[in-house]
Structure formats: C-alpha cells, structure tokens
Amino acid sequence: MNNYVDFSGRPFHFIGIGGIGMSALAYILAKRQMPVSGSDLRQSHITYKLESIGTHIFGRQEASNLEFFRSGESANQVILNSQEILPAGSNSTLPQVVCSTAINANNLEYKAALELGCPILHRSDVLAALIADYYSIAVAGTHGKTTTSSMIGYMLLQAGLDPTIIVGGEVDAWEGNARLGESKYLVAEADESDGSLVKHTPEIGIITNIELDHPDHYETLEEVVSIFQKFASGCKTLIGCIDCDTVRNRFQPTITYSLNPEIDADYIATNIDYRADGTTALVWEKGKPLGVLKLRLLGRHNLSNSLSAVAVGRALGLEFGTIAKSIASFEGARRRFELRGEVGGITFIDDYAHHPSEIRATLAAARLQSRPGQRVVAVFQPHRYSRTLAFLEEFAESFAHADLVVVTDIYSAGELNLGQISGEQLAVAIAKQHPQVLYQPNLPLMSKFLVHTLLPGDLALFLGAGNLNQVIPEVITTLCEPATATS
C-alpha cells in the first residue's frame, strides 16, 4: 500500500467507514474540512454522525463510489484547502482510498480502486500521518488502550489544552470516538493487532502491558515484543508499566509506573482502597507524595491506567491537583464496564473484555461492586476462532469471580470457521474449572434464556468484542413488559 498521505485537500474514501477505528479518522479529516466519502453495508449512529458533518456515505461497495468527487454529485469540482479548484475530470480528484486489515483483496471496491489507480492507504497510515502532524501522545498495549487514551484525552480537555482525540471507543464527554481540537496536542490509541504499530512516532508513547492477543497475526509473544520495541524506538518519551514483566525486562522506559511500592518506579500508588463506588490511592512521584487520587472506575487495572495518565500530565507540566480533579470526574468509555440499565432488581453491565486477562480483571471489578449474596452472571461471546483456540485453557480459568457463566457461539470477526473450536467446546472447558456453566448457541436463544434465568439482585455482565451487547436492550425490554400469562 502507498504510505504517503496527502492532507492538502485531495479527497479521502473509506471502505468500511462505519468501523470504530475508521470512523474516528474520517471524522477528524471531515472536521478539518477535507473532502471525505465512505462506504459501509450497515448504517449506524456512527455513519449518521459522519453524514451530519458533510461526509458522503454509500450503502453499497461499488466501483462508481470512487467517482463521487469527479461527478455531478460533488458539484463537478473539488475545492482544496488552498482554494484551488480542480475540474471534475482531473485525475487528482481520484480519492485516497483508506482500508483496514478487515478489507481483503477480493473486495469489489478495493479492486476497483486498484484498477483506477487510486492511492491505497491502510488505516494506520492515516493515523501515523496525523500523529506526525501534532504533538502526539500514543497509547499502546495489549489491554487498557481505550480507557487509558480516553482518560488522558479527557484530562487534557479538562485542563484546557483542547486536544484532538482518536480512540477505539465512544466517550460521552466528546460524544463519540474522536474530537478535533485547536491545540497542538493529539491523543491517540495505537493498535498492535496487525503490526502497524511500528508506523507511529509520537512525542510520548505509552505501553500499558504486553501479551499475545492476536494469534491470527502473531505466532509467538516474541513477535509481539519485536513490534512494541520498534514502536518504543520511535517515541521521544516512553512511559511504561513495569508491573508487566515483559515491559520491565525487555524495555527501558523513560518514565515508569507501578502499583507495587517495592518496584523502583517513577510513579507508584500506596494506601489503595478498592471500593464498590470507585478507588482511592496516594500517588508518589520519584519518592515524594503528590496527593490522593480518586477515580470512579473500578479495579486494579483502572488504577494502573490512571497512573499512566498522571505520568503524562506531569510530563506536560500539569499540576497534580488539575490531574486529580480531571481523573476524579472521568466516567470511562462506552462498553468498558458500562451500566446499560437496571430492571427488576437486575443490573446490566456491558464490557468489551475478550481476552482471558481482561475477563479476569473485569470480573474482579464486578465482584468488588457486587453486594453480599448478589450473583455475578458472566455472559460471554468468544471473539475469533483463532483466539478462542489459542487461549482455550486460559479462558477456562478466567471466570473464577463469576457465580454463573453463560457462553454463546464464537463471533468470527471475519475469520473462516475451520471446525477446530466452537463456543460449546469452550463452555465444556470452562465447566471443568467452574461449577455453573451453561451454553446457548445463538443470540436469540441467549436472549430468551436470560429472561427466564436472571433473578432480582443479579449483576449481569456481558463480555465480548462482538455483537453480544445487542441482547441487552432485548432482555431489558422483555423484562419490563407486564406479565400476561397469569393476569
């Protein structure tokens, strides 16, 4: 793919513009007054929002979409940032076509872009160009990227630094997954899943932790480490969590943080109090107390994420009081322990956790919030056949904090089913470690099952990176309907 990104005014066209990563980039470009179009087979609140700021969305992926900026539909001309007007027949109005790893070579729109001679960009190329265009803070790591980058973005916003923000989740504070600021600062989530992390050269880079999470792309942890090392070499300042053995042993961060006072880190937390309504801790900077940090987010992992935000804020010269005030009011990103409703005494929580480590951390946080005698019901949709197969034993051991586990079949995320693993096989594996495990083969059956299984007082936690959360409003609506059988 072509790696040069033209921000002078040449149009951009996104294949699969509705994706969480693609839409954030499209939003920033459109808000920067660049011509943007895109295609997606499914309309959503994300595509509607893009349309509201002038992005043209196609509901089908066809070759003719790429002619939009050369046709009468775009007023027969494109006005560039320089105010130069290009005629409709100009080859310069062929768009730069942006794809994610999910778009394969057989995609009809992608093939048409090649035939027309459009510049082809990977999503990460656009993000890398934006990172290079700002004083950038890029958050990398196997877990915690979205929460950490959102927290840092929110902190800078509350501190009056007016950042541009690009994250892999939606945040109510800026009503989406992206925000265009007027300052030099950009906060971005940097993804390692396809190896494109190596393209990013931020002023400040953060590594929260490193594990093998994408066996569809990496065979060994060593391959993952190599990608992170290349990313680290491109960061002017590297902030690392040395509670992660891999980060501690294989990297030399400029600034370190840890929840273990016995580790010699630049930022540590002591006097930690994990409660059902949040967490408090005393934060230290190079052996000197900074003050008490309070956060609404639950669990050890989120306290660790907040320490990285403290480290960034201090590196940028913010007073600890400003940092602490911001973090205290941060409510998190959607699908990160997101409260979706309460009905009939049942609490519904939606969480993106899809790796064994994430599931353990999220269920531990749920147990902190649960009341005595309250059941924690883990409803899990495995994500990708490759991940489920590679981490079968780890998944089987990750539900210890749940009272009841309900598993549905695997969300493919575009992978072919080779018949090596299924959701039912995963349920059997979990049942060898857990006394209460049930299997529902699809979402409609899962919805009906939960309506009859959930009890008043339950904390129902929906886990997964696929479409499991579509079940939540269905179950809530059904439980709200008046009973008719005996009335």
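Tyr-257 has Tyr-267 of β15 as its bridge partner in this predicted model. The two strands concerned, β14 (residues 255-258) and β15 (residues 267-275), pair in the parallel sense over two bridges. Both belong to an open sheet of ten strands with mixed pairing.

**The sheet**
- The strand order is β10-β9-β11-β8-β12-β13-β14-β15-β16-β17.
- At the edges stand β10 (176-179) and β17 (288-295), each of which pairs on one side only.
- From one strand to the next, the twist averages 15 degrees.

**Helices lying across the sheet**
- Helix α6 (residues 221-233) lies across β8 (135-140), β12 (204-207) and β13 (237-241), and its direction is at about 155 degrees to β12.

**Packing of α5 with α8**
- Helix α5 (residues 145-158) packs with helix α8 (residues 300-315) at an angle of about 40 degrees, and their axes are 9 Å apart.
- The two helices are therefore oblique to each other, and α5 passes α8 in a right-handed crossing.
- On the α5 side the contact is made by Thr-147, Thr-148, Met-151, Ile-152 and Met-155; α8 contributes Asn-302, Asn-305, Ser-306, Ser-308, Ala-309, Val-312 and Gly-313.
- By class, this contact of α5 with α8 has five nonpolar, seven polar and no charged residues.

**Annotated region**
- An unreviewed UniProt entry places the feature "transmembrane region" at residues 12-30.
- In the model, that span is 58% helix and 21% strand, and its end C-alpha atoms lie 9 Å apart.

Notes: Residues are numbered from 1 along each chain as its sequence is written. This is a predicted model: local features need pLDDT of at least 70, side-chain atom pairs count only at pLDDT 80 or more; totals for chains, interfaces and linings use all residues. Side-chain values use heavy atoms; hydrogens and water are left out. Axes are lines fitted to C-alpha atoms, for helices over the stretch in contact, and angles run from 0 to 180 degrees between N-to-C directions. Helices (H or I, at least four residues) and strands (E, at least two) are DSSP runs, numbered from the N terminus. Angles under 35 degrees count as roughly parallel, over 145 as roughly antiparallel, 65 to 115 as roughly perpendicular and the rest as oblique. A crossing is left-handed if the near helix is turned anticlockwise from the far one by less than a right angle, and right-handed if clockwise. Contact means heavy atoms within 4.5 Å. Ala, Val, Leu, Ile, Met, Phe, Trp, Tyr, Cys and Pro count as nonpolar, Asp, Glu, Lys and Arg as charged, and the others, Gly among them, as polar. UniProt positions are given in the numbering used here, feature names are shortened, and annotations may be inferred rather than shown by experiment. Two strands pair if DSSP finds at least two bridges between them.
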